[in-house]
Structure formats: structure tokens, C-alpha cells
Amino acid sequence: MKDAHKYFTTYDLNLSAVLVSQGFTLEEIEKSGSAKALFYFNKSDKLLAVIDRYWKNQLQISPQTLFSSLKSIKNRLYS
């Protein structure tokens, strides 16, 4: 497990795809024995602001960019 103060983590695949589509690097995917995976991003004020805007439904994202990010994450997850 990585340093919790340095990383933002989430089990939310859709949020992770949004963050990747916004230019944030997915640092690691920690797969557990179950169907869940924990996604790691470097924590920053900019990242936290995007997450806040995500939950407030205030982001505009190109659908092609979003689906490309989702596909990329799934490829990493299932390969």
C-alpha cells in the first residue's frame, strides 16, 4: 500500500476515467481478490478541485476522450 497522504484513491472506475481524461496520471491499480480495484492518483489541489466539480456535475468532457480513457483503464485492469 502506498502513502495515503501522497495519493488520492478511489474504487470508482468512472471517476478514474474522468480524472484520466482530465490529464491526471493513473499511478497504480491495486487489484484485490474480489472484483474491486483501487485506483491511485497523485494528490494535488488541482485534482481535488476536479473531483469536487465531478461530484457537483460541473465538468464538461468530450465523450470520445472519456470513453478512450475508460478503455485504457480497463485494458490495464484486465490485462
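This is a predicted model: local features need pLDDT of at least 70, side-chain atom pairs count only at pLDDT 80 or more; totals for chains, interfaces and linings use all residues.

Begin by selecting Thr10, whose contacts (heavy atoms within 4.5 Å) reach Leu15, Ser16, Ala37, Leu38 and Phe39, leaving aside residues up to four places away in sequence. Residues are numbered from 1 along each chain as its sequence is written, and side-chain values use heavy atoms, with hydrogens and water left out.

Stay with Thr10 for a moment. This residue is found in strand S1, residues 7–10; helices (H or I, at least four residues) and strands (E, at least two) are DSSP runs, numbered from the N terminus. Is Thr10 buried or exposed? Its relative accessible area is 11%, so Thr10 is buried; the term buried applies under 20% relative accessible area and exposed over 50%, with partly exposed in between (1.4 Å probe, protein chains only).

Next, display the whole sheet. Its 3 strands form an open sheet in the order S1-S3-S2, with antiparallel pairing. S1 and strand S2 (26–31) stand at the edges, each with a single partner strand, so one side of each has no neighbour in the sheet. On average, neighbouring strands are turned by 25° against each other, direction ignored; the axes behind such angles are lines fitted to C-alpha atoms, for helices over the stretch in contact, and angles run from 0 to 180 degrees between N-to-C directions.

Now select strand S3, residues 37–42. Of its 6 residues, 5 are buried, and the strand is mostly covered. S3 pairs with S2 in the antiparallel sense over 5 bridges, where pairing requires that DSSP finds at least two bridges between two strands. S2 and S3 form a hairpin, with 5 residues between them. To follow the bridges, select Lys31, whose partner in S3 is Ala37, and then Glu30, whose partner in S3 is Leu38. Turning to S1, 4 bridges join this strand to S3, and the two run antiparallel. Tyr7 stands opposite Asn42 in S3.

Select helix H1, residues 13–21, which lies across S1, S2 and S3 and runs at about 30° to S3.

Then move to Asn57, in the loop between helix H2 (45–55) and helix H3 (63–78). Asn57 has a positive phi of about 60°, although it is not a glycine. Its relative accessibility of 69% makes Asn57 exposed.

Finally, show the entire protein chain. How many helices and strands are there in the chain? There are 3 helices and 3 strands, following the pattern β-α-β-β-α-α along the sequence. The C-alpha atoms fill a box of roughly 35 × 30 × 20 Å, taken along the principal axes. Buried residues make up 32% of the 79 residues. Among contacts between residues at least 6 apart in sequence, 70% join residues at least 24 apart.
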